[in-house]
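Hi there,

Here is the structure I promised to pass on. My notes on it follow below.

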Amino acid sequence: MQAPSPPSPFGAKRRAVRRHLRVADALTAVAFAAFFAFVVVSNDFDWDHFLAATEVDLRAWLVDHEAPLWSYQLCGGVTRLGDPQASGLSPLFAVVLLFGSFWGLKLLVLGLALVGFLALSRTLEVVARPGGIGRPGPATRGLLRSLSAAYVLGNFFLWHAHHGHVTFALGHLALVLVALVVTALVRPLTWRRGALAVGASFTFFSAGFYGALVFFLLPVTVALAGWVAWLLFQRRGAEVKRTLTMAGLAALGLGLAAYKPLGVLAYQGAFPRVVTAAPAEGVDGTTPWHTLVYQLVPSFDYQFAGLWRGAGPYALWEYSAFTLDAWLCVVGAGALVVARRRRAVRERAWVVLGALLVAVASLFALGDHASWSLLSLLNVPLEHSVRVAGRFQGVLPLAWAVLGAVLLGRLPALRRAYFRQALWLVPALLTLNLATFRASLRPGSAAEVLSQPAEPLARMHALVTVKPRALTASFMGAAVQSGLGVLNCYDPLARDHRMTSEKIPVQPELRDASGALRTGVLLPLVEPAPGPGAEACREDSHFTQQEVVLSDACAPGTCVNLNGLDLYRPQHLVLDPARGKFCLP
């Protein structure tokens, strides 16, 4: 009988690699679970605004059975169609319809982060594979997933998620478009990818696109345009044709979602947002030295490395973009110099793309006054309403991920060292990095929000002026949940302030110790004209998200205590200049 052959050392090696990758994937899953917990307990700063705004859109759909174009409950009358941060008309809002405003927003942030993780992983597979043909092996794909996780869970997105800048998560959806355009360079077009481009673009532009468009997709598009021009110079016309076709399909998705951007533009035309307190020259721009700190140094207790608050006029969360991928590029660049390896022709496109992302982001980040700044050009038609140049720091981590994939593909020694020593370490560090936000993490904040009494009234009768907004608390959400209109809401849109301009006294608390509403703090919807029907007019009149319904008992001269009237419906109320209110003629 023939003796059994010894086990193959190659098979044992493959099994060891698979075990190593499974542990790395498990640690990455733990990092994303920790990130979700981090988002759940982040409820201060701008979270109150987005929770309140999302709640009024939810009530428009579920209570009024209407698409959310306007809201009288928010700000005493404000547009929702024309708000570039409102997502009530996007397919993404289905998550909120299923899970409510609190859990819906939290799950949206997590879901978009996972979408960005998968999209960037696929992009990096194209970058790392010579010629972009086929897929890299399992070990290389594991390395690229690590780069993608480091990008998605980097400080730029952590800080904005923590501070309630919910719409910045749409930058992850924009990565789907980037992945499709990049993939089109090296792979034939398919109906599946084309449909995905249309759908992703429609979903993006029908949602609250402002932050992700201005500070991410716009500079990335400029870089991609420069990249395509370089490809044309390299006489790669057939590849460019596929890339432009994919970009055209993304433009088709934008056309299908045009109701949202056009609604925003129409509102801005009627109520232009003009910033009167923009930073002075040389204040908000980011120098290359500051960029190195923002990209390479982690934050701790609202300071870089716990030592320096940063150089800009805004707080640290508008600048910090620390990512482990940046350190991989530093190490890889050093290793490349030592190895003295020549450039491979097939890799030049990805090096050029990464370099263009760095250049374009840096030119935008120069600020609104620098002579070479792309932000200065953008702000000419926008009346200098785009501020916080530090937010363009969020494009650079994408460049580090692309260049990191190139370095891993070119340097076998670096690839082996990363696989053996960093593949487990990176997700562990991503999880530990969440603890650096300890200064403003409040585990009990979720229970506070969820315990707010919710009264989804179809007919609302009163409004309130809530406490002034503070960094760690504002009170719009509690009032909206209680079925009250909020007159002095925090909202960056230019709008009418008819009631809040009267300096209505701020109410200290909405509810007494027993949890009952304090009726003395409420302002009725109507100010009836004197007469026998005044009381019936006050009691029987009400408002919904998009409609003011006055009682038949209301006489001419009856006014409403609202800031503005619905721009999208005919109105029977007119402005009384003498009283400064909207009244029955």
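**Cysteines and disulfides**

At 0% relative accessibility, C537 counts as buried (under 20% relative accessible area; exposed is over 50%, partly exposed in between, with a 1.4 Å probe and protein chains only). This is a predicted model, where local features need pLDDT of at least 70, side-chain atom pairs count only at pLDDT 80 or more, and totals for chains, interfaces and linings use all residues. Residues are numbered from 1 along each chain as its sequence is written, and side-chain values use heavy atoms, with hydrogens and water left out.

The pLDDT (the predictor's confidence in each residue, from 0 to 100) averages 89 over the protein chain, and 89% of the residues score at least 70.

There are three disulfides in the structure (pairs of cysteine sulfur atoms within 2.5 Å). C537 is bonded to C554, with 1.9 Å from S to S. The torsion about that S-S bond is about 95°, so the C537 and C554 disulfide is right-handed. C554 is buried too, because its relative accessible area is 10%.

Another disulfide joins C559 to C583, S to S 1.8 Å. Its S-S torsion is about 90°, so the C559 and C583 disulfide is right-handed. Both C559 and C583 are buried.

The sulfur atoms of C75 and C489 sit 1.7 Å apart in a disulfide. With a torsion of about 95° about the S-S bond, the C75 and C489 disulfide is right-handed. C75 and C489 are both buried.

Counting bonded cysteines along the chain, the pattern is 1-2, 3-4, 5-6.

Best wishes
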